[in-house]
Amino acid sequence: MTDNRENETLTSVDNSFGRLPDHILIEIFIRVPVSDWAQISCVKNQWANLFHGECFWQAALMRTFPLASQAQRWPGPIPRGLSKRRFAALCASKHIFALDGEIDEIVGHTYLFLKEQLELSIMALPSGILHGTIIDQFIACGKSTVVAHELASQIWLAVLDNLEENQQTFLLLKHLALEGDVFLPFPYSRSIKVQWRVFEKLFTDFRDCFDYADYYDVLAMAKNKFQPIPPAWLGF
C-alpha cells in the first residue's frame with residue numbers, strides 16, 4: 001500500500017513538472033548545482049532540449065555571473081562565442097585561475113581554446129603557433145607583453161595539469177617534448193616552467209608508457225634543455 005502511494009506521488013510530481021512552461025523550468029534548473037545539470041538533462045527529452053538551448057545558458061550566465069552582461073566584445077583571434085561558451089569560460093577563470101580575486105573572462109576563453117586544440121587527435125597547429133595566438137589575444141585586449149607572457153604560462157600549466165591521463169595525452173606530451181626549438185623573441189617564447197612541466201609529467205605520470213627508444217629520445221632532449229635534470233627522471 002505504501003509503495004502504491006509513493007508511486008502515485010512521484011507520478012503526480014512528474015505530471016506537475018511536465019505542465020510547467022519552459023521559462024519556469026529554466027528558472028528552477030539554474031538554481032540547481034551545476035554538478036547536477038548533466039543528470040537532470042537525462043530525465044526527459046524536453047529537459048535535454050532546454051540544456052541545449054541558448055535561453056537556458058543566457059539565464060544561467062546572468063544568474064551566476066551577473067556582470068557578464070556588461071562585458072564588451074574584444075578584438076583578437078579567439079572569439080567569445082555564445083552563452084554556453086561564455087559560461088564555461090567564466091567557470092574556468094573562476095575555479096582554475098581566480099587572479100587576485102577577479103574573474104577575467106578572456107583568460108577562461110584562452111584556456112578552453114588551448115585545451116581543445118591540444119586534445120585534438122592530431123594536433124592541428126604547432127605549439128609555438130598556439131602560444132603565439134594566446135599572446136596576440138592578450139596583447140589585443142590591452143595586456144602588456146610581460147602580463148601576456150605570464151598569463152599564457154599560467155594557462156599552459158593549467159591545461160597540462162588538467163589533461164586526462166591516457167595514451168593520447170602521452171603522445172601529445174611526447175610530441176611537445178620532441179618539438180624542435182625555434183628561437184622566438186619575448187613574449188612569444190614559451191616559458192621554462194611550461195617546458196619543464198611537459199618533461200616532468202612524462203617522466204612521472206607517464207613513465208610506464210615509454211618504450212626503450214622513446215625514453216632515451218625524450219631524455220636526450222631533456223638533457224639538452226635542462227642541466228642538471230632530477231635523478232627521478234633517470235633510469236628506464
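Reader: What should I know about the model and its numbering?

Author: Residues are numbered from 1 along each chain as its sequence is written. The model is predicted, so local features need pLDDT of at least 70, side-chain atom pairs count only at pLDDT 80 or more, and totals for chains, interfaces and linings use all residues.

Reader: How many residues does helix α8 have, and what span is expected?

Author: Helices are DSSP runs (H or I, at least four residues), numbered from the N terminus. The expected span is 1.5 Å times one less than the number of residues. Helix α8 covers residues 127–140, which is 14 residues. From first C-alpha to last it reaches 20 Å, close to the 20 Å expected.

Reader: Which residues of α8 are buried?

Author: Buried means under 20% relative accessible area (1.4 Å probe, protein chains only). In α8, the buried residues include Leu130, Ile134 and Phe138. An α-helix has 3.6 residues a turn, so residues three or four places apart point the same way.

Reader: Which helices do the buried residues of α8 pack against?

Author: They pack against α7 (105–118), α9 (145–161) and α10 (167–178). Contact here means heavy atoms within 4.5 Å.

Reader: What follows α8?

Author: Gly142 does, with a positive phi near 95°.

Reader: Which elements line the largest pocket?

Author: α8 and α11 (192–204) each give two or more residues to its lining. α11 gives the most, with 4 residues.

Conventions
Side-chain values use heavy atoms; hydrogens and water are left out. Buried means under 20% relative accessible area, exposed over 50%, partly exposed in between (1.4 Å probe, protein chains only).
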